[in-house]
Every structure is written in structure tokens, then in C-alpha cells.
Amino acid sequence: MADDQRGWAPSDIDLNTATLARIYDYMLGGAHNFAVDREFAERIEATVPGSARTAWANRAFLRRAVQFCAARGIDQFLDIGSGIPTEGNVHQVARAVNPHARVVYVDLDPVAVMQSRAILADDELSGVVNADLRDPEAILADPTTQRLIDFDRPVAVLVVAILHAIPDADRPSELLAMLTAPSVPGSHLVISHFSTNYGTADEVKALLELSRDTTTPMVVRDPAEIRALFGEFVPVEPGVVPIHEWQPDPDSSPGEARSSGYAGVARKGDS
Ligand SMILES: C[S@@+](CC[C@H](N)C(=O)[O-])C[C@H]1O[C@@H](n2cnc3c(N)ncnc32)[C@H](O)[C@@H]1O
């Protein structure tokens with residue numbers, strides 16, 4: 001069956017190349033993906049069985065991290081690589097703690113941007129920026145960011161499941177330093193990142209090869225490299241750990257949601 005965009009995707013997008021946002025949407029049971037993305041997700045699952053489940057583990061980490069920040073009084077979130085809206089979007093999770101929480105969603109995927117704009121059209125405390133993490137100045141200077149985020153107060157910068165789309169050649173640490181430079185002490189940085197703790201070395205290699213056929217090929221980093229991405233931000237307990245081990249829900253059973261990556265939440269201290 002041919003895919004029908006039914007007005008939920010821009011008409012000029014390339015339907016022959018899978019995108020990370022739409023593959024992830026499919027893995028999470030969403031409807032904003034095309035045949036090329038679904039076939040791709042199935043190839044990933046066949047290469048590294050259990051991969052789809054790890055998308056859920058990442059999403060659960062995002063929820064726990066946002067709850068953690070909101071519970072500590074953070075009421076503004078800059079969510080880079082926010083993806084296609086799905087269950088447990090950042091503004092929903094944050095507002096369960098603080099109804100006045102503000103969120104700026106940033107993504108470069110046309111479907112993610114269009115869908116985010118659609119669900120947030122009447123939401124004055126949220127906004128959407130179509131931008132690339134590799135251009136932090138554009139993200140910070142964007143009128144939507146300027147309107148919604150007050151950098152004189154603590155902010156949470158979320159870079160969840162996106163940095164593995166940024167190769168070393170694009171200097172991810174420098175990008176994060178620029179992005180967080182205006183944030184005051186008490187601000188938080190939230191990172192999750194694909195790593196080698198799931199699947200064999202051959203499977204991980206095959207997965208990276210596969211990703212070369214998407215619009216954003218992936219890179220893998222080891223835990224020490226992921227820890228270094230936090231820069232001057234100091235990780236809160238339990239540190240930078242496998243995604244499902246970061247402050248797990250008390251009622252989750254061990255091994256229920258294994259994850260293919262590491263994650264942490266870190267705080268900017270007084271300099
Ligand atoms: C796997 S999804 C993660 C979505 C969400 N952060 C989460 O964890 O549930 C990664 C998202 O990052 C976006 N992305 C990839 N490279 C990007 C870049 N250079 N700038 C902005 N967004 C990017 C993709 O389009 C995709 O929507």
C-alpha cells in the first residue's frame with residue numbers, strides 16, 4: 001500500500017530515505033512514518049533483536065529526567081532533537097509537576113516540526129524551532145527561544161537520543177558548551193546516547209552500517225566519552241549509567257527495559 005501523507009507531512013519530503021525521527025516514531029508505535037521507515041526499523045530489529053524495546057527505555061528515561069528537573073523547580077525546557085510528538089511529551093510531563101512550565105522543541109526533521117507545530121498551535125507556553133543542533137547560535141537567537149526561555153533563570157537543556165547523530169567532526173562538546181553557555185547555575189543538562197552495552201560488537205557494527213542509509217548516520221561512543229559530553233555540568237546520582245538504570249521507577253523490574261545506551265542528568269554549579 002502506498003503511503004498517504006494525509007496532510008500530516010510536508011509534501012516535498014523524500015519518501016525514499018528513512019529518517020531517525022520517523023523510525024523512532026514507528027518503534028514507539030506512532031503513525032507518522034512511511035514504508036521506508038518501517039522497513040528500516042524491521043531491519044534494525046532483525047540485526048539487533050530487542051532494539052525497538054530500547055526506544056521505549058529511552059522514552060521512559062526522558063520522562064523520569066523531566067520529572068526530576070521539574071521537581072527541582074526547573075520550569076523551562078529546551079528540548080533539542082525533540083522528535084515527532086508521542087506519548088509523554090516534555091510539556092505534558094513537566095506540567096504534571098508545574099502547569100506553567102515552558103518548552104521549546106527543536107528538530108530538523110520536517111515531520112517532527114510539522115507535527116509539533118500542529119499539537120502546540122494553541123499553546124502559548126510552548127514553541128517549535130526548526131533548527132540543527134550543529135547551529136547552536138541559531139537555536140539560541142531564534143525568536144521562539146527568546147520569547148519562551150529566560151536565561152537569567154535555570155533551564156533544562158535536553159539532548160536525548162540525538163548526540164549519536166553528531167560525529168566527532170562536528171565537535172559535539174563544543175556545540176553543547178555553546179548551547180549551555182548562557183545558562184545560569186542550577187541549570188540542568190540531560191543526555192542519553194547510544195552505546196555498546198547492547199548487542200555484540202558485530203551487531204553494533206552492522207547497526208552503524210545500516211544507519212548510513214538514513215538522513216542522519218549514527219556514531220557510537222563509550223561511557224567515558226558520553227560522560228565527557230556533560231562538560232562542566234556535574235552529574236547527579238547515580239551518574240552516567242545505562243539508560244534504564246538512571247533513577248528507575250521503584251516498581252520497574254530489573255531487565256524489563258534494557259537499553260542500548262548511557263544517560264545522565266547533570267547540574268551546572270556555581271563557577
Ligand atoms: C531518536 S529521536 C529522539 C526524540 C526524543 N528526544 C526522545 O528521546 O524521545 C532523535 C531526534 O533527533 C533529531 N535530530 C537528529 N539530528 C539532529 C540535528 N543535528 N539537529 C536537530 N535535530 C536532530 C531527529 O530528527 C529526531 O527527531
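**Terms and their grounds**

Reply: We may begin with the surroundings of the ligand. Helices α1 (20-27) and α3 each supply at least two residues of the shell around the ligand. Helices here are DSSP runs of H or I with at least four residues, strands are runs of E with at least two, and both are numbered from the N terminus. This is a predicted model, in which local features need pLDDT of at least 70 and side-chain atom pairs count only at pLDDT 80 or more, while totals for chains, interfaces and linings use all residues. Residues are numbered from 1 along each chain as its sequence is written.

Me: Which residues come nearest to the ligand?

Reply: Of the 22 residues around the ligand, A21, G81, G83, D109 and L133 come nearest. A residue counts as near if its C-beta atom, placed from the backbone, lies within 6 Å of the molecule. The shell divides into 12 nonpolar, five polar and five charged residues. In this scheme Ala, Val, Leu, Ile, Met, Phe, Trp, Tyr, Cys and Pro are nonpolar, Asp, Glu, Lys and Arg are charged, and the others, Gly among them, are polar.

Me: Why are α1 and α2 called roughly perpendicular?

Reply: The axes of α1 and helix α2 (residues 35-47) are 9 Å apart and pack at an angle of about 70°. Axes are lines fitted to C-alpha atoms, for helices over the stretch in contact, and angles run from 0 to 180 degrees between N-to-C directions. Angles of 65 to 115 degrees count as roughly perpendicular, those under 35 as roughly parallel, those over 145 as roughly antiparallel and the rest as oblique. The two helices are therefore roughly perpendicular to each other.

Me: What makes α3 oblique to α4?

Reply: The axes of helix α3 (residues 51-71) and helix α4 (residues 90-97) come within 9 Å and cross at roughly 40°. That angle makes α3 oblique to α4. In this contact R63, V66, Q67, A70 and A71 of α3 meet V90, V93, A94 and V97 of α4, contact meaning C-beta atoms, placed from the backbone, within 7 Å. By class, these residues are seven nonpolar, one polar and one charged.

Me: How do you know that the chain agrees with a compact globule?

Reply: For 271 residues, a compact globule would have a radius of gyration near 18 Å, and the chain has 18 Å, so the two agree. The radius is taken over C-alpha atoms, and the globule rule is 2.2 Å times the number of residues to the power 0.38.

Notes. Two residues are in contact if their C-beta atoms, placed from the backbone, lie within 7 Å.
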